[in-house]
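Please open the model in your viewer and keep the selection panel at hand.

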Amino acid sequence: MNKKYKIYLIVIIILIVIITISLILYINKVQKLTNKSTLNSLKELTKQDVAKIQNNINEHIRILETIVNETENNKLEKPEQVFEIYNRNSGNSQFSRIAIMYETGQTSTNDGQVVDLSEEKEDFFSNNDVKISQTRQSKIDNKKINIYSKKTKLGNENVVILLVIETNKYEEIFIQSIYSGNGNEYIITKEGQIIAKSNKNENEINIYENITNTIDNKKTSKNILENIKQNIQNNEDGQDILYNGIKKYFVTYQKLNINDWYLIIITKGSAVAEELNQVIIIMFIISILIISIISVVSIYILKSEEKKEKSLYNLAYIDPITKLGNHNYFNQQGEKILINNKIKNKYVIALDIDKFKSFNKKHGHKLGDKLLEEVGKKLKEILKENSIICRVSNDIYGVIVYEIEDIEQQVSSICQNISKIIINNVEYNILIYLGIYKIIDNKYNLLESFDKALIAHDKVKGNSEKQHYIYNEKIELQLEKENEIENIMQQALEKEEFVIYYQPKISSKSNKMTQAEALVRWIRDGKMIPPNEFIPIFEKNRFIIKLDKYIFEKVCKDLRFWKQKYEKTIRDSNKNDNENNNNSINNINEDIKVPMISINISKEHFYEEEFIKEFVNIAKKYNIEPKEIELEITESATLNKQIDVIKVMNNIKRYGFRLSLDDFGTGTSTLAMLQNMPIDTLKIDKIFVDKIDFNDTNKNIIEYIVYIAKKLNLTTVAEGVENRNQINYLKNIGCDMFQGYYFSKPIDKKNFEKYIENSK
Ligand code: C2E
Ligand code: MG
Ligand code: MG
């Protein structure tokens, strides 16, 4: 990711952080404010409830005091009279009964019960004012009750008048359900003992235990609870918030001024702040939405920018066919490797697919592209690490390998693995050539180094034995020479510097020349350049196609001329018609027969389908029939895996030419392979003929070759015969024909004509 995007991303992250922090701060602030106002309103509510409770209790006290006053004023003597007053004054109060306790503790109720409260009598008699008891259990019906009591006199006896109220009546009267049951109200003692509570389902009898079970164990909550306890102990009112995780409880407490009682209200925060919670949730959702939208938009922008940049990068650096780097990438990345002195054993390789153009032509561009892709894939598979693989142009790959111990081994692995390519389940034989340049120092930059690799590549291109070449200074000189030749070849052809020499082939039976081979010579400025100096170059640059056709045409022309000069003369002399004869043929003998001429054909023709048609047309032009010409194809040409050579040979034969397999024994074809070749003649290479002289054990091979050739009905020609010994041996083993310096070197047309005339 580049700097621009990094900044962009940072800005977005900062923006999101700011929004989140603002949201948290805002929510916090709102919460604080609401807490405060909630506590205030709860405080108000508590105050109101305290007032209400006190009013009610005061009303109870007033009723008791009324009863006591009337008892005293009327000097009543009997409990029934008191009960009578009670009946008049209690109205709708929730008292369950009235009772009168005597000093013995004996207590009579208005509903006729008598209970012994002697154990507690002290409690009741010790107080002159109205007293309200803590919650206790009724001895009559076991119900939870509270008792209002006041001392008085009944007749002569000291008594306490008791007004009994069931505690649950308190709960009915005083405690209202707060916030639909989400707030609980309690009347408690200072110790937290619950006297009355709004939620009847609660079992707890101590409010502090209840709270301890509800709030979390954190120090703050515990401290707050302790604080509440302390305040209540000190007769102080107050309010606070207790927490349990994210849940919170508002607690308000106020003294009731009755005994040591307190009213405490505990309200669930969720109930109070429901609306607030909703607002917070909405705000939260909106914020999340805003953050998400910002994020999505940002990601989209970033992605599309990245995509744009990637496609620009691809355009500039990636080859769309192979998905490898292109020449730009090769230059850029390669240079980095080159100048990095820590990286050792670096090689720049130029690699190409031989005859890729022909492949494209034959199979179409789509398959051609696929081939390029597959070769790229294979290279990647073989080289893996420590390499840069690019397609720099057409079918040329630029490869850099480094930290390589054995380049020869690396290269042979490449050649071995990239010899067969499978595309759509069809296997194609391909040939690659590699030019290698070893980086020794930083004398050359990448492009210059690649040029060196290309020079080495040019050197090996078209070679049938070798697929790679490592650059050395010498090859540059050779290449210069080759370049010189390339510069002048076309001109040389036009200037007729290429001439034909003929070398006779002698029949072993008749000892006479029956055939001859046409061999090209380049005569430039009076000097003869031998074919092995220019033919390989012409094969590489395919000029051989032109030259072979040129030689073929020349041979046809010569043949036509000789036919007219010799054979026609025979006919004419038979007819005694001399009008067309020139002087030189006056003394021609009737036995003269124009030998069959063999012409060398380079394998380069085979890549062009139907090439043979052109040769047929040339022959036709000179009224020469194909069967009068033999075409020589070297054995090495038949080993080309890229072409179906047998098919090419059959095609040549179909048009009527004789076919000869040249230099047999130099390639790696086996005798068995000969069976499938539609050839007429087998030319045994000079190296086997040479062995005859040295009594080499391999001498037997030649015997074997001749034997097999005979079995296959092939004419055998021994090349490079130089002495009598060889001839004797070859004759002995049944070789059909000899070609060599013993009989004649290749000679020019003039001398060859003499040879023809002399070999009658
Ligand atoms: P090739 O077709 O095998 O031709 C035979 C070569 O052996 C000729 O060399 C010939 O001069 C040489 N030779 C023949 N007898 C003897 C002998 O007794 N001793 C020695 N030392 N050499 C002998 P040349 O003419 O230099 O041709 C070399 C090769 O060049 C040919 O080998 C052929 O492959 C190729 N070539 C020649 N002319 C043409 C041509 O017009 N077209 C093509 N495509 N190739 C040609
Ligand atoms: Mg030949
Ligand atoms: Mg030969």
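Begin by selecting Tyr8, Ile281, Ile285, Leu289, Ile293, Val297, Tyr300 and Ile301, a nonpolar surface patch with about 760 Å² of accessible area together. Such patches join nonpolar side chains (Val, Leu, Ile, Met, Phe, Trp, Tyr) within 5 Å, from residues with over 30% relative accessible area and no salt bridge (a side-chain nitrogen of Lys or Arg within 4 Å of a carboxyl oxygen of Asp or Glu); areas are Shrake-Rupley values with a 1.4 Å probe. Ile301, in helix H8, is partly exposed at 31%, between the limits for buried (under 20%) and exposed (over 50%).

This is a predicted model: local features need pLDDT of at least 70, side-chain atom pairs pLDDT 80 or more, while totals for chains, interfaces and linings use all residues. Residues are numbered from 1 along each chain, chains are lettered from A and ligands numbered from 1 as written, and side-chain values use heavy atoms without hydrogens or water.

Next, select the magnesium ion (ligand 2). Its protein donors (N, O and S atoms within 2.8 Å of the metal, or 3.2 Å for Na, K and Ca; water is absent, so sites may look incomplete) are Glu517, Asn600, Glu632 and Asp662, at 2.0 to 2.2 Å. Asp662 also bridges to the magnesium ion (ligand 3), 4.0 Å from ligand 2. Glu517 in strand E21 and Asp662 in strand E25 are 145 residues apart. Glu517 is buried at 4% relative accessibility, and Asp662 is buried at 5%.

Key
Patches are made of residues with over 30% relative accessible area and no salt bridge: like charges are joined within 9 Å, nonpolar side chains (Val, Leu, Ile, Met, Phe, Trp, Tyr) within 5 Å. Helices (H or I, at least four residues) and strands (E, at least two) are DSSP runs, numbered from the N terminus. Buried means under 20% relative accessible area, exposed over 50%, partly exposed in between (1.4 Å probe, protein chains only).
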